[in-house]
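Grab a pencil and work through them with the model open.

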Amino acid sequence: MPRVLLRSAKDPFTPVSPELSLALYQQGIFGRNVGNLVFADAVHKLISVPGTEVVSNSFLSERPGVDHAYVDRVNEQFDLFVVPLANAFRLSFLENLKRLTWVIERLRIPVVVIGVGVAGGAGSLDDPFPPPTDELRVAVRRFVSAVLDKSATIGVRGEFTRAYLAELGFGDDVVDVVGCPSLFRDGPNLRVSKRLPEITPESRFTINISPYVKLMDRIGTRHAKRYSNMVYVPQGDEVLELLLWGTHPANVRRGLPHHPGHQLHREDRIRFFVDTTTWMRYLAERDFSFGTRIHGNIVALSAGTPAYVLAHDSRTLELARYHDIPHSLLPSLTPEVDAADLYAQADYTAFNAGQAQRWDRFAGFLERNGVEHIFQPGKADPGYEARLAAADLPPPVTTLMTTDPEARERIIARVAELYSLAGVRALREAHQPHIPFPHTKALRKGLAPGERVPGRAAVRHLPVPVRSALHRSRALADRLRRRV
């Protein structure tokens, strides 16, 4: 059976809890932005042809610690390495790009890169290229050269990236503009149409916000007041940490819904998804999506829901233009911009009309590079979506203010698990009281006068879900108590 190694955070069928999604690796399982799951999951579906095994690389091909033994195993166990990327040609991704290049140079199997893009610096709407540092240009040249040694062409996300690579000496004979694979998970068949004549104060829609875009503070706050059914769908790991554990940066701007005092947080109108599938299902039931997050809006479009992009940089503009996604340039807008007006002016005629041609270009790129896909004759995988539907993926993360009974049960279990793992010893060490003249036994045990090590009876007063979670971790809790 052919085996394909796919650059992705995880297999889309594998449930990973929100807590573990955040805790794994220094930047979480999805690399700080859950939008990274979207394009990789789309490629996973597209290349899951019958008789082929697709294996996620968990981003290990670019994480610190990759070595010759890892490369040898890839060469021995896989027939193809498929690498979906987003805006990888940027300074903040430079070390990852170097490690990934090092791996590709040593592979003996074909390597196909899909949807890579360039990311400009500040003011990139006027200048889409990154700062012209020699180190980045050398790294990009080396990466592209390594890829082209193992494939016919490289797939880039849009015209800005095509022009950037042309400046580096890579012409149209080896560069294919293919857009974002997220919008091709259903091949040429995707269509988007409005479900409502207009957006009203009662409409159910979502907003997505890039926290570094300051205008979105006022836009988000004003919409939170005007539209009671609007929900914020964040993507960054810092918001997931806030929702799970209540922590947030001390210097967070008050207009951002990234602290417990914001209206959207107080009213439990924030939902964080750690899987593309559950994210798409949710947005499929909304009326509209808008904001500055390109993949947040692409998920909505992939689900057939109208979306509108507020293009704040060249990355978002490049994809919006290529796919004919309705959009406006953010610098041309005022804080009074309104979702109802954006919805009214959004026209999906060009998006729908161009989908078949864009798909043909994308499919041609795959076939030219020897990548089989499910829309080729006899290659369909009709059971794929059924398997996704059967996967026990975690529901969205709510705020700690939620009144939903099931969500509250999950929060209680989360706290109980944390308590069972840390135990009373960790709490005592973190909050050691000052005892001027302690008992001798307390000096040996590290206990305050009169304090006792809690046993099983100490948890009897706790709610049933907490006791259940504690019992699930009884063995570990016992070990922790024995050490006290």
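**Exercise 1: pairing around β1**

Task: in β3, which residue is the bridge partner of Leu5?

Solution. In β3, Leu5 has Phe81 as its bridge partner. Before going on, note that this is a predicted model, where local features need pLDDT of at least 70, side-chain atom pairs count only at pLDDT 80 or more, and totals for chains, interfaces and linings use all residues. Residues are numbered from 1 along each chain as its sequence is written, and side-chain values use heavy atoms, with hydrogens and water left out.

Next, count bridges: β1 and β3 run parallel and are joined by 3. Strands here are DSSP runs (E, at least two residues), numbered from the N terminus, and two of them pair if DSSP finds at least two bridges between them. Then look at β2: strand β1 (residues 3-6) runs parallel to it, with 4 bridges, and Val4 sits opposite Val54 there.

**Exercise 2: the whole sheet**

Task: work out which order the 4 strands of the open sheet have.

Solution. The order is β2-β1-β3-β4, with parallel pairing. That puts β2 (53-56) and β4 (111-114) at the edges with a single partner strand each, so one side of each has no neighbour in the sheet.

**Exercise 3: β4**

Task: find what pairs with β4 and say whether its faces are covered or open.

Solution. Strand β3 (residues 80-84) pairs with β4 in the parallel sense over 4 bridges. Val82 stands opposite Val112, and Pro84 has Ile114 as its bridge partner.

How values were computed: Buried means under 20% relative accessible area, exposed over 50%, partly exposed in between (1.4 Å probe, protein chains only).
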